[in-house]
Amino acid sequence: MSGTLTAMLAAIAGGGVKVVDLTFTLSPEFPALVLPPELGQCAPFRMEEVSRYDPRGPAWYWNNISMSEHCGTHYDAPIHWVTGKDLPNNSVDTIPVERFLAPACVIDCSAQAAADPDFVLSTGDIAAFERDHGRIPAGWWVLMRTDWSKRDFTGYANLREDGAHTPGPSPEAMRFLVDERGILGFGTETIGTDAGQAHHFAPPYPAHHFLHGAGRYGLQCLCNLDLLPPRGAVIVAAPLKIRQGSGSPLRVLALVEG
Amino acid sequence: MTAPLPPPKRKNPLKRTRLPVSPPDLRSRQSHLLTRAAAEGRFGLPTCLDCGALHYPPRDACPHCLSSRIGMRECSALGTLAATTTVQISNNVYFRERSPWRVGLVTLDAGPGVVAHVHGDCADGGRVRLDWRLDRSGNATAFAVPDPPSPNMMDDPQMREMTLDPKHRRVLVTDGRTALGQAMAKALSDAGAALVFVGIAEAWKPFPGSERLSAMRGVEIMPLDMTDTDSVNDLADAIGARVDIIVNTGAHIRPGGLLERKGVTVAREELEAGYLALLRLAQGFGPVMRFRGADGANSACAWVNVFSIYAQMAWPAYGAWSAAQAAMLNASLSLRGELRPGGVRVVHVFTGPTEDEWFQPLPPPKVAAGQIASAVVDALRRGLEDVYVGDVAQDFRARLDLNPKALERELGQ
């Protein structure tokens with residue numbers, strides 16, 4: 001083993017590098033994306049026991065699970081959106097594996113989101129972040145911290161008669177992050193990478209539109225973003241290798257120095 | 001006169017729960033002509049299809065002309081109570097545990113005499129109405145009630161054995177998110193149910209009527225997602241031993257036949273919310289209900305499944321959903337057989353298209369949620385097993401009886 005990896009493992013063992021879990025527990029109750037009912041619906045997580053040390057299997061316990069690719073804490077591949085449908089290596093099985101390890105900038109929007117569930121991250125907010133923490137490097141994740149993951153499920157989905165009210169990025173902010181900063185992807189604590197009302201934006205669902213159109217990735221339903229520094233945490237986010245998969249639930253870990 | 005039934009006392013936890021036993025359940029095949037009538041709450045007598053004579057008890061051949069062509073004919077259920085007696089001790093365990101038990105001879109206006117169970121309010125020599133009622137073995141039995149009805153008639157102990165009255169019982173309505181579930185909760189609460197548990201799936205999704213539902217007398221909102229095995233089992237663990245009646249109102253209606261749909265995603269949802277949901281509920285709640293079939297005045301007694309009439313014959317316009325309903329109906333027939341030894345009756349309620357949003361483009365007549373809820377309460381009070389609510393379902397029933405092939409063709413047009 002090289003010295004670099006040995007040093008990193010020693011740092012993890014010694015506590016110099018902390019491993020932070022950014023993942024919600026997959027459970028049947030966890031809110032899923034709601035679309036108008038005449039459209040196809042993504043299936044929630046379900047678990048059926050196959051055996052549990054009983055006559056169905058005397059010495060072993062296991063389950064059959066079923067779910068949508070976009071369930072719980074999950075990863076969006078470019079093929080998920082129509083803007084990314086013709087790109088090379090656009091599905092979870094073909095994305096170069098090096099992309100599954102990358103550092104992150106974390107933009108703290110928790111105060112704004114607490115004040116306004118429809119808070120929209122603007123280019124001005126990004127400029128403010130860069131003033132305080134430096135330019136966002138190319139090839140990094142940008143994670144939008146809203147503390148949304150701390151809400152109960154009703155507050156988390158925050159559905160009203162006119163749809164979900166949850167924070168997300170503006171079209172201009174997304175275009176800027178993708179075109180001007182060359183980010184690897186964008187991650188949120190909410191059910192989607194886009195705001196709850198983003199179908200009214202131009203273009204609709206700008207995070208999906210710009211990220212996937214440029215071959216970038218999405219992470220959503222993240223938690224514990226409040227435990228990450230504004231820059232420098234290393235994100236380990238490797239989706240399941242599903243043939244032609246548009247995304248996948250996954251375990252997202254952050255390595256944090258200090 | 002019957003005294004009003006008081007709310008049952010809480011159980012003495014030191015006493016063993018009495019196991020359900022069945023009244024005599026052997027019947028001839030011809031006797032099931034009466035079972036069929038009792039299941040639907042109709043009255044009639046076996047009749048010779050050649051000479052037209054009515055007879056009782058059911059026989060394989062007409063006692064007048066020896067023809068073996070026997071059918072049923074509707075006739076007046078009224079008669080006179082010619083004689084009564086009260087059985088103090090029976091050598092049958094079921095009646096022994098419920099004695100004294102009143103029986104008598106009713107001379108029907110239509111002619112035949114019938115030995116019947118007799119309601120406590122019937123006067124010797126008085127006018128009575130005879131009903132075919134399903135007993136706890138699920139078979140038809142003759143039961144005489146006073147004509148006109150007496151006050152508190154439903155509370156007579158013999159009557160309560162023949163019915164599934166929600167009064168003082170605890171009910172679980174499985175899906176309170178829908179207009180049907182909410183109407184059902186209201187109707188059961190109004191019918192005197194002691195408690196109405198109402199299942200709500202995905203409580204994080206708002207739904208119309210939620211505040212009104214929570215405010216109803218005796219209603220307790222419970223988390224229940226019938227598409228999730230753990231959720232069903234968790235609720236069964238929590239309240240299973242306190243549920244006397246289940247009213248399963250779950251529905252996942254989607255239009256579309258087999259060809260115009262792409263893939264099986266929606267068909268899976270329909271099976272999950274219908275057939276598999278029933279299996280989960282059956283495994284979660286069935287065993288304890290069957291065990292509690294003789295557990296005092298609020299024993300477990302009924303399981304109501306609300307179906308579309310298209311469970312009985314495919315409707316190609318809603319073909320995949322129709323198939324899911326058929327699967328659920330078939331499973332429910334098995335459930336009926338498995339719960340019968342506990343004296344718990346599985347009631348099937350069939351409706352035509354309802355006022356549900358998923359039937360919005362269809363022309364009337366459509367069935368309102370309140371109409372179905374009233375029909376369910378009526379079925380419980382009368383102890384029915386097969387109920388057809390509204391014109392479409394009743395017409396369908398008649399056409400299915402007459403010529404299933406014609407119905408198949410007509411539904412496909």
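Trainee: In strand β5(B), which residue is the bridge partner of Gly104(B)?

Mentor: Strands of a sheet pair through backbone hydrogen bonds, either parallel or antiparallel. In this predicted model, Gly104(B) has Ala116(B) as its bridge partner in β5(B). Strand β4 of chain B covers residues 101-108 and strand β5 of chain B covers residues 113-118. The two run antiparallel and are joined by five bridges.

Trainee: What do β4 and β5 of chain B belong to?

Mentor: They belong to a closed barrel of five strands in chain B, which runs β3-β4-β5-β7-β6. The pairing in the barrel is mixed. From one strand to the next, the twist averages 45°.

Trainee: Which strands does helix α1 of chain B lie across?

Mentor: Helix α1(B), residues 32-40, lies across β6 (127-134) and β7 (140-146) of chain B. Its direction is at about 100° to β6(B).

Trainee: Now the other sheet. In what order do the strands of the open sheet of chain B come?

Mentor: The order is β10-β9-β8-β11-β12-β13-β14, seven strands with parallel pairing. Strands β10 (219-223) and β14 (386-389) of chain B each have a single partner strand, so one side of each has no neighbour in the sheet.

Trainee: How many bridges pair β13(B) with β14(B)?

Mentor: Four bridges, in the parallel sense, pair β14(B) with β13(B), which covers residues 345-351. Val349(B) has Val387(B) as its bridge partner in β14(B).

Trainee: How do I read the packing of one helix on another?

Mentor: Two packed helices are described by the angle between their axes and the distance between the axes. Take α6(B) and α7(B), the latter covering residues 265-291: their axes come within 9 Å and cross at roughly 25°. Angles under 35 degrees count as roughly parallel, so α6(B) is roughly parallel to α7(B). The crossing of α6(B) past α7(B) is right-handed.

Trainee: Which residues of α6(B) and α7(B) meet?

Mentor: On α6(B) they are Thr229(B), Val232(B), Asn233(B) and Ala236(B); on α7(B) they are Arg280(B), Leu281(B), Gly284(B) and Phe285(B). By class, this contact has four nonpolar, three polar and one charged residues.

Trainee: At what angle do α5 and α6 of chain A pack?

Mentor: Helix α5(A), residues 171-180, packs with helix α6(A), residues 206-213, at an angle of about 15°, and their axes are 9 Å apart. The two helices are therefore roughly parallel to each other. Helix α5(A) passes α6(A) in a right-handed crossing. From α5(A) the contact takes Pro171(A), Met174(A), Arg175(A) and Val178(A); from α6(A) it takes Pro206(A), Ala207(A), Phe210(A) and Leu211(A). This contact has seven nonpolar, no polar and one charged residues.

Trainee: Where are the domains of chain B, and how far apart are their centres?

Mentor: Domain 1 of chain B covers 32-162 and domain 2 covers 170-411. Their centres, taken over C-alpha atoms, are separated by 31 Å. Nine residues from domain 1 and nine residues from domain 2 make the contact. On the domain 1 side, α1 and β6 of chain B are the elements that give two or more residues. That side has four nonpolar, two polar and three charged residues.

Trainee: How many residues do chain B and chain A give to their contact?

Mentor: Chain B gives 10 residues and chain A gives 11 residues. Helix α6(B), residues 229-239, supplies the largest share of the chain B side, three residues.

Trainee: What should I look for in the backbone itself?

Mentor: Most residues other than glycine have a negative phi, and most peptide bonds are trans. Here a cis peptide bond joins Tyr56(B) and Pro57(B), with omega about -5°. Pro57(B) is in the loop between β1 (44-48) and β2 (70-74) of chain B. The bond from Ser99(B) to Pro100(B) is also cis, with omega near 5°. Asn158(A) has a positive phi, near 45°, and is found in the loop between α4 (153-157) and β8 (159-160) of chain A.

Note on methods: Residues are numbered from 1 along each chain as its sequence is written. Chains are lettered from A and ligands numbered from 1 in the order in which they are written. This is a predicted model: local features need pLDDT of at least 70, side-chain atom pairs count only at pLDDT 80 or more; totals for chains, interfaces and linings use all residues. Two strands pair if DSSP finds at least two bridges between them. Axes are lines fitted to C-alpha atoms, for helices over the stretch in contact, and angles run from 0 to 180 degrees between N-to-C directions. Two residues are in contact if their C-beta atoms, placed from the backbone, lie within 7 Å. Angles under 35 degrees count as roughly parallel, over 145 as roughly antiparallel, 65 to 115 as roughly perpendicular and the rest as oblique. A crossing is left-handed if the near helix is turned anticlockwise from the far one by less than a right angle, and right-handed if clockwise. Ala, Val, Leu, Ile, Met, Phe, Trp, Tyr, Cys and Pro count as nonpolar, Asp, Glu, Lys and Arg as charged, and the others, Gly among them, as polar. Domain bounds come from an automatic or database domain assignment.
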